[in-house]
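Open the model in your viewer and keep the selection tool at hand. The stops below say what to select next and what is there.

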Amino acid sequence: MRYLVINSIFLLFFASCTLSKPLVSKEKQTPLFWTQELRDDTQRNDFRITISTPTANITGIFMVKKIEGKWKGSIINEFGIKVLDFETTAKKCKLLNVLSFIDKWYIKNTFASDIQFIMEIDNPNFSFGSKAIKSFTNNILTINYKNKKEFRRFSNEKIEFINLKYSLIYTFTKIDTNNKILTN
């Protein structure tokens, strides 16, 4: 009799611990930021880039390719001078061969953080990406991270990344294999 009472209490306890809601959410999932048309994981990806600051605009080419699980790339200005090279993973971004006038720790930290956010936003191991808020309205996918960084993909496949803390705006336009800028 004593075991019957203990077993009944034990079964009631476990029955009360069951989930009342299903584990799988039926909410509409927000799509990934990088589409196959915008970024290929096997080929080199070329973008026309404009970096806007409150006082100046810098234009050039942003080239990136995934090699051995890392995104490796370069930014070259419109005169053909390499501004910097980088390699990024979900854990860190490393800048290499940085042009001397931007080779300051605070500029490099900002660029490294921004490039990592841009390239790793869809990576589930990237901690900032999982904490960012995604929304999809009027054919614009927006990802906001603590009102410090905002990433937008427009319907014409133009991409805009805004570092709100430092008022930096990075604008990307995909360049196709014939070196034409896609405008849709």
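A residue counts as exposed when its relative accessible area is over 50%, and as buried when that area is under 20%. The model on your screen is a predicted one, so the tour describes computed features throughout.

**The sheet**

Begin with the strands, ten of which form an open sheet with antiparallel pairing, in the order β5-β4-β3-β2-β1-β10-β9-β8-β7-β6. Its edges are β5 (93-96) and β6 (133-137), each of which pairs on one side only. On average, and with direction ignored, neighbouring strands of this sheet are turned by 20° against each other.

Select β2 and β3 next, which are joined by eight bridges in the antiparallel sense; one place to look is Lys66, which stands opposite Trp71 in β3. Between the two strands of this hairpin lie two residues, and Glu68 takes a positive phi near 55° there, although Glu68 is not a glycine.

On to β4 (residues 82-88), which pairs with β3 in the antiparallel sense over six bridges, and where Glu87 is the bridge partner of Lys72. Four residues separate β3 and β4 in their hairpin, and in its turn Gly80 has a positive phi of about 90°.

**Helix α2 and the core**

Now colour the largest nonpolar core, a group of 36 residues in which those with the most contacts inside it are Trp34, Phe62, Leu84, Phe86, Leu95, Phe151 and Tyr170. The element that gives the most to this core is helix α2 (residues 105-120), with six residues. If you pick out Phe86 and leave aside residues up to four places away in sequence, you will find that its contacts include Phe62, Trp71, Leu95, Ile115 and Met119.

Move to the helix itself, where the buried residues include Phe111, Ile115, Phe117, Ile118 and Met119. Why does the length of α2 agree with expectation? At 1.5 Å a residue its 16 residues should span 22 Å, and the end C-alpha atoms are 22 Å apart, so the two agree.

**Aromatic pairs**

Another, between Phe161 and Tyr170, is tilted, with 5.5 Å from centre to centre and 55° between the planes. Phe161 counts as buried because its relative accessibility is 0%, and Tyr170, with a relative accessible area of 2%, is buried as well.

**From β8 to β10**

For the last stop, select strand β8 (residues 149-153) and strand β9 (residues 159-163), which run antiparallel and are joined by five bridges; Arg153 has Ile159 in β9 as its bridge partner. Then follow the chain into the loop between β9 and β10 (168-175), where Ser167 is placed. Ser167 has a positive phi of about 55°, although it is not a glycine, and with a relative accessible area of 40% it is partly exposed.

Technical notes
Residues are numbered from 1 along each chain as its sequence is written. This is a predicted model: local features need pLDDT of at least 70, side-chain atom pairs count only at pLDDT 80 or more; totals for chains, interfaces and linings use all residues. Side-chain values use heavy atoms; hydrogens and water are left out. A nonpolar core is a set of buried Ala, Val, Leu, Ile, Met, Phe, Trp, Tyr and Cys residues joined through side-chain atoms within 4.5 Å. Buried means under 20% relative accessible area, exposed over 50%, partly exposed in between (1.4 Å probe, protein chains only). Contact means heavy atoms within 4.5 Å. Two strands pair if DSSP finds at least two bridges between them. Axes are lines fitted to C-alpha atoms, for helices over the stretch in contact, and angles run from 0 to 180 degrees between N-to-C directions. The expected span of a helix is 1.5 Å times one less than its number of residues. Rings of Phe, Tyr and Trp (its six-membered ring) pair if their centres lie within 6.5 Å; planes under 30 degrees apart count as stacked, over 60 as edge-to-face and the rest as tilted.
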